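Dear colleague,

Please find below the structure that I am handing over to you.

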Amino acid sequence: MKVQWTPELATGSAEIDGQHKELFILIDSLLSAFERGIVSREEVERVIGFLGDYVVLHFATEEKHMTGYFYANRSAHMAQHAQFVRNFGRLREQMHAEGVSPELAAATKELCVDWLVNHIKFSDRALGMFLKQRLQLNSGERIAESKITHAPLSVKREGHGS
Ligand SMILES: [Fe+2]
């Protein structure tokens, strides 16, 4: 099974999309390791460790933008991230204690693929759209500001000339 990022998951933010692509690569290597079934517990724990760290970094990136731009749905979105981190931590502990069972592999797939795809489609795409609008608005404000700062100068120059 190949798990990969598809264009329909694009959020409009190059930074967020880049991290999502990286997440799918890590998830794919984890699920492929489960499928091979001959991997050591160490290898599985190493990949899960990478994935867990990357998820934390990725959520922190999104949350930094949500806070920085006063995103209205910030609390609800962050609660979804916290829920993922809790569930992922539980799976990781279970895997550490019992090794990989078919049930655990299925639960990992459900969380890392089904949940993530759903989260990206609805929550992250809404965030991406909001960030795009904010950035466009900010660049519009900068253009307007530069016009305001130049206007009195040109008036002044005209005044001096007469
Ligand atoms: Fe998110």
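The notes below go from the overall fold to the helices, the core and some individual residues.

This is a predicted model, in which local features need pLDDT of at least 70 and side-chain atom pairs count only at pLDDT 80 or more, while totals for chains, interfaces and linings use all residues. Residues are numbered from 1 along each chain as its sequence is written.

Overall fold

The protein chain has four helices and zero strands, and from the N terminus on its elements run α-α-α-α. Helices (H or I, at least four residues) and strands (E, at least two) are DSSP runs, numbered from the N terminus. Of the 162 residues in the protein chain, 16% are buried. A residue is called buried if 20 or more other C-beta atoms lie within 10 Å of its own, exposed if 12 or fewer, and partly exposed in between, with C-beta atoms placed from the backbone. Two residues are in contact if their C-beta atoms, placed from the backbone, lie within 7 Å. Among contacts in the protein chain with a separation of 6 or more, 69% are between residues 24 or more positions apart.

Helix α1 covers residues 14–36, which is 23 residues, and spans 33 Å from its first C-alpha to its last, close to the 33 Å expected at 1.5 Å a residue. The expected span is 1.5 Å times one less than the number of residues in the helix. The buried residues in α1 include I16, H20, L23, F24, I27, L30 and F34. After α1 comes G37, with a positive phi near 70°.

Helix α3 has 25 residues and reaches 36 Å between its first and last C-alpha, close to the 36 Å expected at 1.5 Å a residue. G99 follows α3 and has a positive phi near 80°.

Packing of α1 and α2

The axes of α1 and α2 come within 10 Å and cross at roughly 160°. Axes are lines fitted to C-alpha atoms, for helices over the stretch in contact, and angles run from 0 to 180 degrees between N-to-C directions. The two helices α1 and α2 are therefore roughly antiparallel, a term used for angles over 145 degrees. Residues of α1 that meet α2 include E15, I16, Q19 and E22, and those of α2 that meet α1 include E43, V44, V47 and I48.

The nonpolar core

A nonpolar core is a set of buried Ala, Val, Leu, Ile, Met, Phe, Trp, Tyr and Cys residues joined through C-beta atoms within 7 Å. The largest one has 13 residues, of which L23, I27, L30, I48 and L51 touch the most other members. The elements that give two or more residues to this core are α1, α2 and α4 (102–161), and the largest share, five residues, comes from α1. Leaving aside neighbours within four places in sequence, I27 is in contact with V3, L51, C112 and V113.

Individual residues

G52 lies in helix α2 and is partly exposed, with 16 other C-beta atoms within 10 Å. Not counting residues up to four places away in sequence, G52 touches F88 and R92. G52 and V85 are 33 residues apart in sequence and 8.1 Å apart in space, C-alpha to C-alpha.

F70 is found in the loop between α2 (41–68) and α3 (74–98). F70 has a positive phi of about 55° although it is not a glycine. With 8 C-beta neighbours inside 10 Å, F70 counts as exposed.

Yours sincerely

Notes
Parallel < 35°, antiparallel > 145°, perpendicular 65-115°, else oblique.
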